[in-house]
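Subject: Structure handover

Hi,

Here is the structure, ready for you to open. My notes follow below it.

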Amino acid sequence: MFTGIVEEIGKIKDFSKKANGARITVECKNILEGTKIGDSIAINGCCQTVTDLTNTTFSADVSDETLRVTTFKEIHTGDEVNLERALTPNSRMGGHIVQGHIDCVGKFLGYERLTDFYNLTFTVPETETKYIVKKGSIAINGISLTVADINGSVIKVAVIPHTWQNTTLKDLKSGYNVNIETDILGRYIEKFLSVNNNNRIDENFLRENGFV
């Protein structure tokens, strides 16, 4: 599990596709501290298992499924990526609950600058919009962000200067694809309601479940 607070920007040293999946090697520094083989690291929001380590890099094996549902299939040597190590019991929960399981690929439309702040606009598949709410959380390329507005399949997020400077958001160009992970809480609620005889949240539902 992750928080969506990016710890470091790494650089792709090698990305080799295989008959099944691929192997990715990332050059970095801070993220390697305390890391061992078998640990999880989120690369642009996608949880990967460390399979090899050097003093300056880590490697992971990428599955066919990951290539299918993420932007990994577009990665090239030299690309910069957002990195975050998995949570530990004493970690601060600075962002929101991020699993590192990508739900879909979205598209960056552009940004507007408001003094030092930025509003970034993306499109997401219509099937995922039911899990996105205004003022709710969303992870874009592994970055925990707050939804400032949503209109159909178009979402807008507000970005503070620190996030802009310390992630790869500043490198996005119109038309670039991004990894999207919606808030897991919405999916749990949907599942709960789908198996409950009462599909509405009303006074009776709240009373039956101990909220009233």
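**The β3–β4 hairpin**

Strands β3 and β4 make a hairpin with two residues between them, and Asn44 in its turn has a positive phi of about 50°. Strands here are DSSP runs of E with at least two residues, numbered from the N terminus. Two strands pair if DSSP finds at least two bridges between them.

Before going on, some ground rules. This is a predicted model, so local features need pLDDT of at least 70 and side-chain atom pairs count only at pLDDT 80 or more, while totals for chains, interfaces and linings use all residues. Residues are numbered from 1 along each chain as its sequence is written, and side-chain values use heavy atoms, with hydrogens and water left out.

β3 covers residues 40–43 and β4 covers residues 46–53; the two run antiparallel and are joined by four bridges. Ala42 has Cys47 as its bridge partner in β4. β3 also runs antiparallel to β6 (residues 80–85), with three bridges. There, Ile43 is partnered by Leu83.

Asn44 sits in the loop between β3 and β4. Its phi is positive although Asn44 is not a glycine. Asn44 counts as buried because its relative accessibility is 9%. The cut-offs: buried means under 20% relative accessible area, exposed over 50%, and partly exposed in between (1.4 Å probe, protein chains only).

**The largest pocket**

Asn44 turns up again here. The largest pocket has 14 lining residues; Asn44, Asp79, Glu80, Leu172 and Tyr176 lie nearest its centre. The space in this pocket is about 410 Å³. A pocket is an open set of points on a 1 Å grid over the protein atoms alone, where a 1.4 Å probe fits, with protein on both sides within 12 Å along at least five of seven lines; lining residues have an atom within 4 Å of a point. Its volume is the space filled by probe spheres set on the points, which are joined across faces, edges and corners.

What is the make-up of the lining: how many nonpolar, polar and charged residues? The lining has four nonpolar, six polar and four charged residues. Asp, Glu, Lys and Arg count as charged; Ala, Val, Leu, Ile, Met, Phe, Trp, Tyr, Cys and Pro as nonpolar; the others, Gly among them, as polar.

β1 (residues 8–17) pairs with β2 (residues 22–27) in the antiparallel sense, over six bridges. Phe15 is opposite Ile24 in β2. These two strands also form a hairpin, with four residues between them; Gly21 in the turn has a positive phi of about 80°. β2 pairs with β5 as well, again antiparallel and over six bridges. Arg23 is opposite Asp61 in β5.

Ser59 belongs to β5, residues 57–62. Ser59 is buried because its relative accessibility is 4%. Its side chain joins that of Thr25 in a polar contact of 2.8 Å. A polar contact is a pair of N or O atoms within 3.5 Å; within protein, one must be able to donate a hydrogen and the other to accept it, and residues adjacent in sequence count only if both atoms are side-chain atoms. Not counting residues up to four places away in sequence, Ser59 touches Arg23, Ile24, Thr25, Thr49, Val50, Thr51 and Asp52. Contact means heavy atoms within 4.5 Å.

**Glu7**

Glu7 lies in the segment before β1. Glu7 counts as partly exposed because its relative accessible area is 34%. The side chains of Glu7 and Arg85 make a polar contact of 2.6 Å. Beyond four places in sequence, Glu7 is in contact with Ile31, Leu83, Glu84 and Arg85.

Tyr118 is in strand β8. Tyr118 is buried because its relative accessible area is 6%. Setting aside residues up to four places away in sequence, Tyr118 touches residues including Tyr111, Glu112, Arg113 and Val157.

Asn141 is in the loop between β9 and β10 (143–151). Its phi is near 50°, positive in a residue other than glycine. Asn141 counts as buried because its relative accessibility is 6%.

Best wishes
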